[in-house]
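Subject: Structure handover

Hello,

Here is the structure I promised to pass on. Please open it alongside this email, and then read the notes below.

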Amino acid sequence: MDAHQFTKTLSLLVILFSAAIAKDDDGWLMKAPTEVRAMEGYPVVLPCSFSHPHHTHPSSIHVVWTLGHGRTATVLFRCTSLNNSQLCQSKPNQDQRYRLEGNHRNHDISLRINSVTLKDSGRYYCRVEILGHPHTSFENTLGSRLRVEAAPRILSLSAEGTEAGFKAVCHVQGSPLPDVQWIESDGVQEGDTSFPLSQDTIGQYRASSQLLDVKPGRQYICAASNSLGKDQATLYLLPPSPERLTAKSSFSLLVLLLALALGTKLLLALGVGAWVIKRRFCIRASSVEH
């Protein structure tokens, strides 16, 4: 190795060592996984622990968990430990779905969420605030992403009428986002699955599919599936009943008869009018001759 290459390598090692020492000199270290997976309807624990350079634990602290980061963050859980208390007390209006799972005196501030839903998916941040020291707080800046998974569920299946005919619309939910297939007596049909229910977070686990040219008197199945399971619903469009066809035909015949009657009356009125005018003209002509 030449002198230039040796100097370059040595400089890089010094930089890496300095970065490691700077991290240690900071004194506080927050540990949390980058991702946690959970099943819908079950509890989940988001691990978070911390260490600090002091020989004694701070006597009074706040423990804070937020969904999101910065100004748009939502505070989900907050508790306070005063004067070396073993209890971290939360406010009376604290949502009971959230509670501290770990022991903060042992540097464990893990959060438990009961009965998670798909809406709980997101990135969570744990933070420790030292009371009596303004603007002193320590947070896992990368956060922990919670991925809630759920088997497919069909929310609704309906038919809509258009000028071109009928179409079937199927709304589904699940995580991973389910695949949708349309099935009828002829086999699997091609549907349009290109649009989510909305463009916000809900679009990550809800979607819609539509099948065009749906015919009355036929059965259509919307089948949704992902790696956790499947769900399906059946749609059947009733054909027009004979009574409705008869009523429609009778109504059309009635309209036709009324139109003919009105036309006949109009012709009679025009004929009578023409005869009266002609009669008056003939009488007036006879009077002039005499």
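A few ground rules come next.

This is a predicted model, where local features need pLDDT of at least 70, side-chain atom pairs count only at pLDDT 80 or more, and totals for chains, interfaces and linings use all residues. Residues are numbered from 1 along each chain as its sequence is written, and side-chain values use heavy atoms, with hydrogens and water left out.

Strands (E, at least two residues) are DSSP runs, numbered from the N terminus. Strand β5 covers residues 61-67. Of its 7 residues, 6 are buried, so the strand is largely enclosed by the rest of the structure. Buried means under 20% relative accessible area, exposed over 50%, and partly exposed in between (1.4 Å probe, protein chains only).

Two strands pair if DSSP finds at least two bridges between them. β5 runs antiparallel to β6 (residues 74-81), with 7 bridges joining them. The two form a hairpin with 6 residues between them. In the turn, Gly 68 has a positive phi of about 90°. β5 is also joined to β10 (residues 122-130) by 7 bridges, again antiparallel. There, Val 64 has Arg 127 as its bridge partner.

**Disulfides**

How many disulfides does the structure hold? There are 3 (a disulfide is a pair of cysteine sulfur atoms within 2.5 Å). Counting bonded cysteines along the chain, their pattern is 1-4, 2-3, 5-6.

- Cys 48 is joined to Cys 126, S to S 1.9 Å. Cys 48 sits in the loop between β3 and β4, and Cys 126 in β10, 78 residues apart. Both are buried. The link is right-handed, with 65° about the S-S bond.
- Cys 79 is joined to Cys 88, S to S 2.0 Å. The torsion about the S-S bond is about 90°, so this disulfide is right-handed. Both cysteines are buried.
- Cys 170 and Cys 222 have sulfur atoms 2.1 Å apart. Cys 170 lies in β13 and Cys 222 in β18, so the pair ties together parts 52 residues apart in sequence. The link is left-handed, with -85° about the S-S bond.

**One more residue**

Gln 189 lies in strand β15 (residues 187-189). Is Gln 189 buried, exposed or partly exposed? At 24% relative accessibility, Gln 189 counts as partly exposed. Leaving out residues up to four places away in sequence, Gln 189 touches Trp 182, Glu 184 and Leu 211. Contact means heavy atoms within 4.5 Å.

Best wishes

How values were computed. Helix = DSSP H or I, 4+ residues; strand = E, 2+ residues; numbered from the N terminus.
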